[in-house]
Amino acid sequence: MEDVKKDLATEAAAVTADMIAALKGRAAFYDLLAAIYFRPLTAEQIDNIAEMDWSEYADVNELFADGVNDIARYLRKRNSGTRQALAVDFTSAFAGTSSWKGRYAVPYESVHTSEEGLFFQDAYHEVFQLYKANHVAKAEGYDFPHDHLSFMCEFLVVLSDRIVAALEAGDDAEALRQVRVSRAFLADHILSWFDTFQDLALLLLETRFYRGVLKISKGFFIEDAELLDAIAVELEQRLEAREER
């Protein structure tokens, strides 16, 4: 019996280690997406993305793989004009200097979920209250509204770090709580409008790079939802098993 308990403990520890590794990987990727959507990329950022080892994400899904191919093929031919070309493309679509039939592909939830297509609508207030409830605040000096996709990605980084901290402390109940907050936020405030944003942005973007970015974003969000669901099931089963003892 003692050996069985040891085996179960060893297995649980291995599963926890796998979850922590996956959570750290997702946090790093959300950080990358936050940077990509925040402002035009610097030459250094472009070089870093070009030199990324994408093998860690090789099995995400087909949409993600297509996006990686687009990005890699575009950056393989980068030259002295690449940074400017990407900056123009970013500004045209994501900064709202161009529009399609009066609609703008700026990465704000309110713009894509309100009937008027305006900033600071219901989604903005909902996101602001969620940040507040979870004791997360924007760093000073960032003037974008709270429902900007970059800030949403960074919010998920914070939550991911909290899940890891809870798992490392052996607090599965707190880890599960943070997983549920993350999963609901992803569904309600990113996946709920990303398709609309993506479809519009694709009408404005000129570079294969940013088209690839949209693909890896959607592919990653889908995969992340599945990851969070799997982690939630694992933690729920653990907590139920403890209650039955």
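**Reading the salt bridges**

Reply: Let's start with a network: salt bridges link Asp-172, Glu-234, Arg-238 and Arg-242. This is a predicted model, where local features need pLDDT of at least 70, side-chain atom pairs count only at pLDDT 80 or more, and totals for chains, interfaces and linings use all residues. Residues are numbered from 1 along each chain as its sequence is written, and side-chain values use heavy atoms, with hydrogens and water left out.

Me: What is a salt bridge, and how many does the structure hold?

Reply: Side chains of opposite charge can pair when their charged atoms come close. Here the term means a side-chain nitrogen of Lys or Arg within 4 Å of a carboxyl oxygen of Asp or Glu. The structure holds 12 of these salt bridges.

Me: Which parts does the pair of Arg-238 and Asp-172 tie together?

Reply: Their side chains meet at 3.4 Å, N to O. Arg-238 sits in helix α9 (residues 208-244) and Asp-172 in helix α8 (residues 172-204), so the bridge joins parts 66 residues apart in sequence. Helices are DSSP runs of H or I, at least four residues, numbered from the N terminus.

Me: Are Arg-238 and Asp-172 buried or exposed?

Reply: Both are buried. Buried means under 20% relative accessible area, exposed over 50%, and partly exposed in between (1.4 Å probe, protein chains only).

Me: What separates Arg-177 and Glu-174?

Reply: About one helical turn, because they are 3 residues apart in helix α8.

Terms used
Helices (H or I, at least four residues) and strands (E, at least two) are DSSP runs, numbered from the N terminus.
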